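Colleague: I would like to go through a few points in this model before I plan around it. Could you take my questions in turn?

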Amino acid sequence: MKVFGSSGTRGVANEELTPEFVLRVAKAAGTAGRADRVAIARDTRATGRMLADAAASGLASVGVDVDRLGVVPTPAAQAYSEREGVPVVVVTASHNPPEYNGVKLVGADGVELAVEDLERVEDVLIGESFADATWDEVGDVTRVADAGDRYVDELLAAVDRQRIADADLTVALDPGHGAGALTSPEFFRELGCRVVTVNAQPDGHFPGRNPEPVPENLEDLGRLVRATDADVGIAHDGDADRAIFYDESGTYVEGDATLAALAAATLDAGDTTVSAVNVSQRLVDVAAETGATLELTPIGSTNIITRIEELIADGEHVPVAGEGNGGIFFPDYRLARDGAYVAARFLELVADRPVSEIVAPYGDYHNVRRNLEYDTEDERNAMLDAAEAVADDADAELTTIDGYRLDYGDAWVLARPSGTEPLVRVYAEAHSAERANELVEFVVSALAGARDDT
Ligand code: MG
């Protein structure tokens with residue numbers, strides 16, 4: 001795929017991601033998808049309305065009627081899609097900085113388009129084979145005001161409301177000025193929680209923090225948890241398909257620990273779970289302990305979704321899947337990442353015991369990461385050949401789906417060329433820093449040696 005990467009197409013708005021480009025993407029999607037009606041949703045970004053207008057024009061020009069959902073979380077757009085049976089063009093750059101925007105395409109079943117469907121759209125876009133409508137057949141535009149409210153109603157019906165309400169929880173919420181600011185405060189209140197917020201006004205300039213829910217952007221949330229004696233802190237990214245947590249002492253919880261805790265509470269023997277090739281040892285351990293199978297994909301949510309669909313088609317049960325960045329799927333509910341739903345599933349656990357206890361089994365893991373630079377393609381190839389040679393000799397399970405990952409049972413190491421920089425990244429994770437360092441050093445010395453001999 002050239003235009004759509006592993007999570008849609010993104011760029012700096014009005015420079016890389018222009019209205020002209022979005023109009024053409026919408027025309028291509030409207031042509032390739034062959035739907036009579038398509039919805040458009042957006043997050044809170046300052047450029048969202050301009051780009052959504054361009055998408056609406058593009059769709060109408062190929063004869064497609066348009067439902068304008070306005071600002072809603074991406075999962076709310078996906079809920080609308082599934083309910084109404086219409087595809088959606090979502091204008092969002094998710095966790096990227098405020099100057100970015102992007103386009104994500106969702107099929108009529110509420111699921112992000114799979115790789116092959118995106119390639120069909122790309123073919124139309126690159127070949128400019130748009131199905132332009134005559135003047136009397138262009139699409140109409142209808143405004144839909146209740147997509148967010150309907151989404152909250154569906155969420156409330158899908159989780160254990162009584163269990164959460166009975167626990168009398170205080171939730172500190174940081175929607176980060178994103179689309180979740182319009183739905184999550186009400187959702188958690190309706191669940192019977194006391195809700196205190198920071199950065200909870202939708203604002204495309206993101207004055208309080210950047211949209212990415214990482215610890216350096218979430219210091220205010222940690223303080224809010226402590227100041228209000230909250231039971232848990234919850235943060236979303238810009239389009240609220242992810243949730244990141246703080247414990248009751250205002251300490252950041254690793255996304256990998258949350259994923260492992262939710263997987264441990266959800267997986268049964270014989271189930272399958274799916275994650276990316278940089279998956280934490282925490283999930284490897286949970287899968288082993290529960291008797292579930294762990295399947296790995298290349299990094300990126302599109303790859304995970306495609307693999308889950310294949311597994312479900314093969315009759316496998318995939319009750320939970322996702323990555324350690326807070327993007328978690330519960331496919332029995334919906335094959336979509338949903339920050340509010342993930343948070344509610346986590347609150348079902350918090351109803352029984354404090355967050356720190358829930359994630360305690362997943363705290364003592366150590367990650368080490370090193371970057372190896374190269375100047376020429378020959379040096380890059382020499383390093384990848386060396387990685388292959390290391391893998392051939394190692395007493396470990398090899399996964400070559402995206403770089404070289406070696407699983408030793410108690411630990412793993414991954415050598416993977418960067419997609420954007422002249423680097424080979426080497427990652428390792430183990431139960432001790434010593435073991436993780438030893439694995440990284442072993443692979444780094446082999447790769448650096450091969451590079452330096454080139
Ligand atoms: Mg997102």
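What follows is a set of questions and answers on one helix, its surroundings and the cavities.

Colleague: Is Arg-282 buried or exposed?

Modeller: This is a predicted model, so the answer applies to the prediction. Arg-282 lies in helix α10, which spans residues 281–290. Its relative accessibility is 4%, and the cut-off for buried is under 20%. Arg-282 therefore counts as buried.

Colleague: Which residue caps the N-terminal end of α10?

Modeller: The cap involves the backbone nitrogen of Arg-282. A side-chain oxygen lies 2.9 Å from that nitrogen. The oxygen belongs to Ser-280.

Colleague: And which residue follows α10?

Modeller: Helix α10 covers residues 281–290. The residue after the helix has a positive phi, near 75°. It is Gly-291.

Colleague: How many of the 10 residues of α10 are buried?

Modeller: The helix is mostly covered. Its buried residues are Gln-281, Arg-282, Leu-283, Val-284, Asp-285, Val-286 and Ala-287.

Colleague: How far apart in space are Ala-263 and Leu-283, C-alpha to C-alpha?

Modeller: Ala-263 sits in helix α9, residues 255–266, while Leu-283 is one of the buried residues of α10. Ala-263 has a relative accessible area of 0% and is buried. Not counting residues up to four places away in sequence, Ala-263 touches Leu-283, Val-286 and Val-320. Ala-263 and Leu-283 are 20 residues apart in sequence, and the C-alpha distance is 7.5 Å.

Colleague: What is the volume of the largest cavity?

Modeller: The model holds 4 cavities of 30 Å³ or more. The largest cavity has a volume of about 60 Å³.

Colleague: How many of the residues lining the largest cavity are charged?

Modeller: The lining of the largest cavity has 10 residues, and those closest to its centre are Gly-8, Leu-105, Glu-112, Leu-118 and Thr-302. By class, the lining has 4 nonpolar and 4 polar residues. The number of charged residues is 2.

Notes: Residues are numbered from 1 along each chain as its sequence is written. This is a predicted model: local features need pLDDT of at least 70, side-chain atom pairs count only at pLDDT 80 or more; totals for chains, interfaces and linings use all residues. Side-chain values use heavy atoms; hydrogens and water are left out. Helices (H or I, at least four residues) and strands (E, at least two) are DSSP runs, numbered from the N terminus. Buried means under 20% relative accessible area, exposed over 50%, partly exposed in between (1.4 Å probe, protein chains only). Contact means heavy atoms within 4.5 Å. A polar contact is a pair of N or O atoms within 3.5 Å; within protein, one must be able to donate a hydrogen and the other to accept it, and residues adjacent in sequence count only if both atoms are side-chain atoms. On a 1 Å grid over the protein atoms alone, a cavity is a set of points where a 1.4 Å probe fits but cannot get out, and a pocket is an open set with protein on both sides within 12 Å along at least five of seven lines; lining residues have an atom within 4 Å of a point. Grid points are joined across faces, edges and corners, and a volume is the space filled by probe spheres set on the points. Ala, Val, Leu, Ile, Met, Phe, Trp, Tyr, Cys and Pro count as nonpolar, Asp, Glu, Lys and Arg as charged, and the others, Gly among them, as polar.
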